[in-house]
Amino acid sequence: MPKHVVARVDDIPPGQRKIVTVAGRSVGVFNVGGEFFAIRNQCPHEGGPLCEGVVSGLVSSKIPGEYDYVRRGEIVRCPWHQWEFDLRSGWSWFDPARTRVQTYETTIESSTDTERSTSAGDADLDAAGYRKGPYEAETYRVEVDHRLVVLHL
Amino acid sequence: MVATATRNRGMVVDCDIHNSTWPGALDPYLSARWRRHGELFGSRTHPGSLYPKGSPAAARHDAWPPSGRPPGGDLEFMREQHLDPEGIEYGILNCLGAAGTQLNADYASALCQATNEWQIAEWLEKEPRLRAGIAVPYEDAELAVEQIDRFADHPGFVQVLLIARTAEPLGRRRYWKIYEAAERHGLPVGIHFGGGARGVPVTASGWPSYYIEDHTDMAQAFQAHVVSLVCEGVFERFPGLRVVLIEGGFAWLPPLMWRLDKHWRRLRDEVPHLTRRPSEYVREHVWVTTQPIEEPHDPSDIRTVLEHLGGPDRVMFSTDYPHWDYDDPDRAFRVRLPEQDRQRIFSQNAKELYGLR
Ligand code: FES
């Protein structure tokens, strides 16, 4: 599965997200308390931009007027009709439309690990249709003090 | 922007788009007297529907334009987000807002006139795909007729816009002048979800606790209007009148027609002014829009509803953009239909009804 560097860890603080376009697909990468999750930015209901929605939790309640949250910060709510999806699994946790949004694996790797894979800086060349040639000039490693968020897609 | 699915459909006519005013938008169209009234006293209405706090302005969360205007308040953004990507050939604007509901009839009238002038200047003259409903102070038929007479000839206006929760059922005589004027000008009368003038609760049994009840119960108001329009003899009196139920759903309509017909057989002496079965008036005079279409557990049941309605020729597609229960033209209407029927619902019926060309 090709890997794509989509951000540096510090670019997406906990509770935040970044929407990226990778391989022609719009994907939301979410930082949930230090863990990263990626889901497709297209709602299985009517196609709304799911990852632009509010991140919240599911509500549980025994009687009217009293409620509590479950999985707070791990549920994204579609900006169109408010269907809710679990950022970890892509599942929607309500019954009538047993439905799921596509999720993608993410990892955090250090900048040196990914030196040889497609780096974010090459995206424009990739997009312009260039493929890496066989020649390589000598280069020197530059330390970048940031870890990278890598999307497997 | 999300990459959109490949589309193999044609352009659609969207029969329910909401344009909204932004603070100060109507000022240039109000006389100094009414501007001052607005500054000093502001809006006085009974409360209507309250939308969920989680969906401010009842809007899609992504429908707030970057310009800072309210959802539906920025034509450029509406083009970018809705008209262009969704392939809207024509869109009918239904401007909601408190103009028609004002308790002060003269202020209602001034606000409606300003709304109509604003619609011409800011929407109809700037965007050839758009048409609009004439805003009227509907609780005062005479003042409403002034607005209809003033604006009916403008080619951008294609219907008279009323709201579902009125002070009385819409068949009552107090509203007849509105129908007379609409018929005279060849305009359909659209009745749109919402309102709440005179504090009338959304259900026939009072105010419900939850928004989900409010939204579902609005169908009651539409049902009351259909029954009232038929039984008060409005369609006998105004044989050219065409009524559009906007955002009211319609799966409830066939059983309502059955019930009316059944009672009419036994109670017709009470309404001798009806010369035909109630369902015949409905079939002939009433159109419906799709959003929020009922979603049966088996989507194909919608085909049965269409059959019971007597065919697909009275059903017109709508999105309700930019509101939170918006329907996407590619995904909302899940039932597979014969191409000809699909075409009628997504464009032809509306083109014929509103004379769009
Ligand atoms: S499109 Fe996402 S909830 Fe409807």
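**Exercise 1.** What share of the contacts in chain A with a separation of 6 or more comes from residues 24 or more positions apart?

*Solution.* A contact means heavy atoms within 4.5 Å. In chain A, 49% of the contacts with a separation of 6 or more join residues 24 or more positions apart.

The model is predicted, so local features need pLDDT of at least 70 and side-chain atom pairs count only at pLDDT 80 or more, while totals for chains, interfaces and linings use all residues. Residues are numbered from 1 along each chain as its sequence is written, chains are lettered from A and ligands numbered from 1 in the order in which they are written, and side-chain values use heavy atoms, without hydrogens and water.

**Exercise 2.** List the elements of chain A in order.

*Solution.* Helices (H or I, at least four residues) and strands (E, at least two) are DSSP runs, numbered from the N terminus. Chain A has one helix and nine strands. Their order from the N terminus is β-β-β-β-β-β-β-β-α-β.

**Exercise 3.** Describe the contact of α8(B) with α9(B).

*Solution.* Helix α8 of chain B covers residues 253–267, and helix α9 of chain B covers residues 278–285. From α8(B), B:L253, B:M257, B:L260, B:D261 and B:W264 meet B:P278, B:S279, B:V282 and B:R283 of α9(B).

**Exercise 4.** How many residues does each chain give to the contact of chain B and chain A, and how many salt bridges cross the interface?

*Solution.* Chain B gives 16 residues and chain A gives 16 residues.

Notes
Axes are lines fitted to C-alpha atoms, for helices over the stretch in contact, and angles run from 0 to 180 degrees between N-to-C directions.
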